[in-house]
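Keep the sequence and the 3D view side by side as you read.

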Amino acid sequence: MLTGYTIGILGGDARQLEVIRRLSEWDATLILTGFDQLDHGFTGAKQVDFDEVDPGRLDAVILPVPGTNPDGKIDTIFSNQSLSVTKEWLEKTPKHCLIFTGITNKYLTGITDETKRTLIPLFDRNDVAIYNSIPTVEGTIMMAIQHTDFTIHSSKVTVLGLGRVGMSVARVFASLGAKVKVGARKSEDLARISEMGLIPFPMKDIKEHTQDSDIVINTIPAHVVTASVIQTMPTHTLIIDLASKPGGTDFRYAEKRGVKALLAPGLPGIVAPKTAGNILANVVTQIIIEKLGEGSS
Ligand code: NAP
């Protein structure tokens, strides 16, 4: 149980509701901020304004999946309040306070390093990223259906990257009957793509392998779908960019050329917030128990 632990939940989307529900079941004391527009309350959880949160009481802080923006600002779906985490605020937390986020950035890593607080970027964990790839793929299928007038079956789909998301996307689109090519830069990944029964290509050859694609799905968080790559694509190609902001696509050039390119962040939170929240809730609970120990009961 998490009896006796106080956890601050700062903003976020519907995924955090599952985290709140689970931590509440585990008997943690929850301080919520950024949830004032939420209709229902949670037993044992108190919604307060951010300036009423006493950081000195917190054993853990849970930030939204995207963490903060480069200035420390936090997204709040259920509030109009503006929340920011600063170095000064973190310094007021107890030294053992754990800081959870989905992903981190230079700012968040910087202030947690400087204050010597333990930052836990949940999506750095393979288990979380792999479980999370399941709702990500379902969201990608939804987008492909919504934004094309042809079936996924028999269409030519090019997936860029064979990481945790790329592998799931490639496998599921192939199982729907698409002709799937996958671009990667490591020879071991090219071998794996071949073993999966898909068509591998080295990323340096991206141009020739996207010039007949119906759908290009990018999972590489680097500028790989450049203007010169888009220039040779058919104009009916749909680009779905799954990589974290700002994505890996030259969106300006795509628009100019009339190629539909969509940056699609946060799909798990959109298509399956309950599942995505459960994935996070499981691991957050497990880590708090591992790092802080069982509570007082
Ligand atoms: P990952 O496991 O780290 O995979 C990233 C892939 O990109 C790897 O294949 C990696 O190849 C490749 N890569 C990285 N930099 C490259 C470069 N400069 N040139 C060529 N290849 C490069 O990451 P992931 O978990 O699959 O996540 C992929 C992206 O999707 C991330 O940005 C993540 O934040 C995002 N994401 C988005 C959603 C959504 O809803 N849109 C959901 C989950 C994740 P190497 O192994 O050779 O480095």
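A side-chain N or O atom of Arg185 lies 2.8 Å from an oxygen atom of the ligand. That is a polar contact, a pair of N or O atoms within 3.5 Å. This is a predicted model: local features need pLDDT of at least 70, side-chain atom pairs count only at pLDDT 80 or more, and totals for chains, interfaces and linings use all residues. Residues are numbered from 1 along each chain as its sequence is written, and side-chain values use heavy atoms, with hydrogens and water left out.

**Ligand contacts**
- A backbone N or O atom of Val165 is 2.8 Å from a ligand oxygen atom.
- A polar backbone atom of Gly266 lies 3.3 Å from an oxygen atom of the ligand.
- The protein covers 77% of the 940 Å² of accessible area that the ligand has on its own (Shrake-Rupley method, 1.4 Å probe).

**Ligand shell**
- The shell has 21 residues, each with a heavy atom within 4 Å of the ligand.
- Arg164, Val165, Lys186, Ala264 and Leu267 come nearest.
- Helices H4 (126-146), H5 (164-175) and H10 (267-271) each supply at least two shell residues (helices are DSSP runs, H or I, of at least four residues).

**Cavity**
- There is one cavity of 30 Å³ or more (on a 1 Å grid over the protein atoms alone, a set of points where a 1.4 Å probe fits but cannot get out; lining residues have an atom within 4 Å of a point).
- The lining of the largest cavity includes Gln16, Ile62, Pro64 and Leu280.
- Helix H1 (14-25) and helix H11 (273-292) each supply at least two residues of that lining.

Key: A polar contact is a pair of N or O atoms within 3.5 Å; within protein, one must be able to donate a hydrogen and the other to accept it, and residues adjacent in sequence count only if both atoms are side-chain atoms. On a 1 Å grid over the protein atoms alone, a cavity is a set of points where a 1.4 Å probe fits but cannot get out, and a pocket is an open set with protein on both sides within 12 Å along at least five of seven lines; lining residues have an atom within 4 Å of a point. Grid points are joined across faces, edges and corners, and a volume is the space filled by probe spheres set on the points.
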